[in-house]
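Let's take a walk through this one together, a stop at a time. Have a look at the sequence and the structure first.

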Amino acid sequence: MDDWIQYLKADPTQWLLEEDNPSVRYFTLLDILDKPQNDPQVIHAREEIMKIGVVPKILAKQEPGGYWGVAENFYVRGKYKGTSWQLIVLAEMGADVNDERIRRACEFILEKSQDPESGAFSYVSLQKGVMVILKGFYPASLPTWCGA
């Protein structure tokens, strides 16, 4: 897996492993250094994701109902700040899916945007069905991450 380094002027691995960004450290350990999930360094980095950096800052702004900002603006009118966007960032940063705050956000999104019949995600419902406008918006991992 080290063949990519030959295309760079310097090896960035030590920089990617710095403690100040646990998400980057976690994914570097897994995806670049091929460490297993049960490796002590991986476990430590995963725990730190919930304590240091972007993830705890996002979670600190969450409303008690599991959303960010205005509940109804979870997607379009809350672009980049609404609940959908916050969940995407949390998922991509490796936030702990077992955290109660994450579960509340997932429940909120599933309740507000998932059609119970088709399972599709939508921001707008039509009388004759669901207009699927969120398809492709959520990362492939998000529905599984949220238990959909």
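Arg25 counts as buried, because its relative accessibility is 11% and the cut-off for buried is under 20%. Keep in mind that this is a predicted model. Arg25 has a partner, too: it forms a salt bridge with Glu19, and the closest N and O atoms are 3.7 Å apart. Glu19 sits at 47% relative accessibility, so it counts as partly exposed.

How many salt bridges does the structure hold? There are 3. Another one joins the side chains of Glu48 and Lys51, at 3.8 Å from N to O. Glu48 is buried, with a relative accessible area of 15%, whereas Lys51 comes out at 57% and counts as exposed. Then there's Arg101, which forms a salt bridge with Asp99, with 2.8 Å between the closest N and O atoms. Here Arg101 is partly exposed, at a relative accessible area of 29%, while Asp99 counts as buried at 17%.

Now for the rings. The structure holds 2 aromatic pairs. In one of them, the rings of Tyr26 and Phe27 have their centres 4.9 Å apart, and their planes stand at 70°, so this pair is edge-to-face. Tyr26 or Phe27: which is buried and which is partly exposed? Tyr26 counts as buried, at 3% relative accessibility, and Phe27 is partly exposed, with a relative accessible area of 28%.

The rings of Tyr67 and Phe108 pair up as well, with centres 5.4 Å apart and planes at 40°, so that pair is tilted. Where do these two residues lie? Tyr67 is in the loop between α4 (54-60) and α5 (83-92), and Phe108 is in helix α6 (residues 100-113), so the pair ties together parts that are 41 residues apart in sequence.

One last stop is Ser23, which you'll find in helix α2 (residues 22-32). Is Ser23 buried or exposed? Its relative accessibility is 5%, so it counts as buried. What does Ser23 touch, once residues up to four places away in sequence are left out? Its contacts are Ile49 and Met93.

Key:
Residues numbered from 1 in each chain as written. Predicted model: local features only at pLDDT ≥ 70, side-chain atom pairs only at ≥ 80, totals over all residues. Heavy atoms only, no water. Helix = DSSP H or I, 4+ residues; strand = E, 2+ residues; numbered from the N terminus. Buried < 20%, exposed > 50% of the residue type's maximum accessible area, 1.4 Å probe, protein only. Contact = heavy atoms within 4.5 Å. Phe/Tyr/Trp six-rings, centres within 6.5 Å; stacked < 30°, edge-to-face > 60°. Salt bridge = Lys/Arg side-chain N within 4 Å of Asp/Glu carboxyl O.
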